[in-house]
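Please walk me through this structure, one part at a time. Keep the explanation brisk.

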Amino acid sequence: MPHRSGVGIYAEEMMRNNPLLPVEEEGRLGDPALRENFIQRVYVLYRWKQLIAEGLTPQTLTTFHARHKLIIMSHADYRDLGQLLATVSKKNVESIAEQYITQLMVILKTIAKRANHVNVLQHIQGYLKKELSPDDKAELCELIERYRDGEIPLIVPLTLLKHHFRKYPDAYIDESYYMSPYPQELRLINAL
């Protein structure tokens, strides 16, 4: 059977009619980073569609951004999206939202780099700076460094962070999707 290149007619039409829809070749989903990235985009788009169904306002749009900010940071610089949202009002919320989700989905197509995850982990750690004992802080720093060096998967420092935030809750971290971007049963972060 000859090897086909390009995209099939149905897939091409689907992508044209749904430009935000996450699409990935089945064969490439064996790569853990690509698979995690694809699933993450599916869940972000799902939450976006929920937001639109519940009613779009400047407040709900900025809340959506705040809850996804750490995910965005793991992929790229979030400041352009923040600057875009700084211009949102009741009059332009629809057009700003359209620009926002288009830019967001483009950003999320980039596979999150280990260095970006380290930056986010350290950022999250900052929310615990007054609560953690020196030993707890050292342990967390060590796990983040071991993740940076590729010795352990992302789930290890995330699990310790979740443990600390159960003891010392923070409203912003609680609302963020970074540490739980999709159902835990998918176990995608285990391989990163």
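How do the residues of the lining of the second largest pocket divide into nonpolar, polar and charged? Three are nonpolar, five are polar and three are charged. Keep in mind that this is a predicted model.

Stay with that pocket. It holds about 200 Å³ of space. Its lining is made up of Arg47, Gln50, Leu51, Glu54, Gly55, Thr60, Thr63, Phe64, Arg67, His68 and Tyr177. Helix α3, residues 58-75, gives the most to the lining, with five residues. At least two lining residues come from α2, and at least two from α3.

Now follow α2 to another partner. Helix α2 spans residues 32-54 and packs against helix α5, residues 93-109. Their axes lie 10 Å apart, and the angle is about 165°. Angles over 145 degrees count as roughly antiparallel, so α2 is roughly antiparallel to α5. The crossing of these two helices is right-handed. On the α2 side, the contact uses Asn37, Gln40, Arg41, Val44, Leu45 and Trp48. On the α5 side, Ala97, Tyr100, Ile101, Leu104, Met105, Leu108 and Lys109 take part. By class, this α2 and α5 contact has nine nonpolar, two polar and two charged residues.

Next comes α7, which has two helix partners to look at here. Start with helix α8, residues 155-167. Helix α7, residues 134-148, packs against α8 at an angle of about 155°, with the axes 9 Å apart. That angle makes α7 roughly antiparallel to α8. The crossing of α7 and α8 is left-handed. Asp136, Glu139, Leu140, Leu143, Ile144 and Tyr147 make the contact from α7. Val156, Pro157, Leu160, Leu161 and His164 meet them from α8. The contact of α7 with α8 has eight nonpolar residues, one polar and two charged.

The other partner is helix α6, residues 114-125. The axes of α6 and α7 come within 9 Å and cross at roughly 170°. The two helices are therefore roughly antiparallel to each other. From α6, the contact draws on Arg114, His117, Val118, Leu121, Gln122 and Gln125. From α7, it draws on Lys137, Leu140, Cys141, Ile144, Glu145, Tyr147 and Arg148. Six of the residues in this α6 and α7 contact are nonpolar, three are polar and four are charged.

Look back at α7 for a moment. Leu140, Ile144 and Tyr147 take part in the contact with α6, and Leu140, Ile144 and Tyr147 also take part in the contact with α8.

Note on methods
Residues numbered from 1 in each chain as written. Predicted model: local features only at pLDDT ≥ 70, side-chain atom pairs only at ≥ 80, totals over all residues. Heavy atoms only, no water. Axes fitted to C-alpha atoms, helices over the stretch in contact; angles between N-to-C directions. Helix = DSSP H or I, 4+ residues; strand = E, 2+ residues; numbered from the N terminus. Parallel < 35°, antiparallel > 145°, perpendicular 65-115°, else oblique. Left-handed = near helix turned anticlockwise from the far one by under 90°. Contact = heavy atoms within 4.5 Å. Nonpolar A, V, L, I, M, F, W, Y, C, P; charged D, E, K, R; others polar. 1 Å grid on protein atoms, 1.4 Å probe; cavity = no way out; pocket = protein on both sides within 12 Å on 5 of 7 lines; lining within 4 Å. Points joined across faces, edges and corners; volume = space filled by probe spheres on them.
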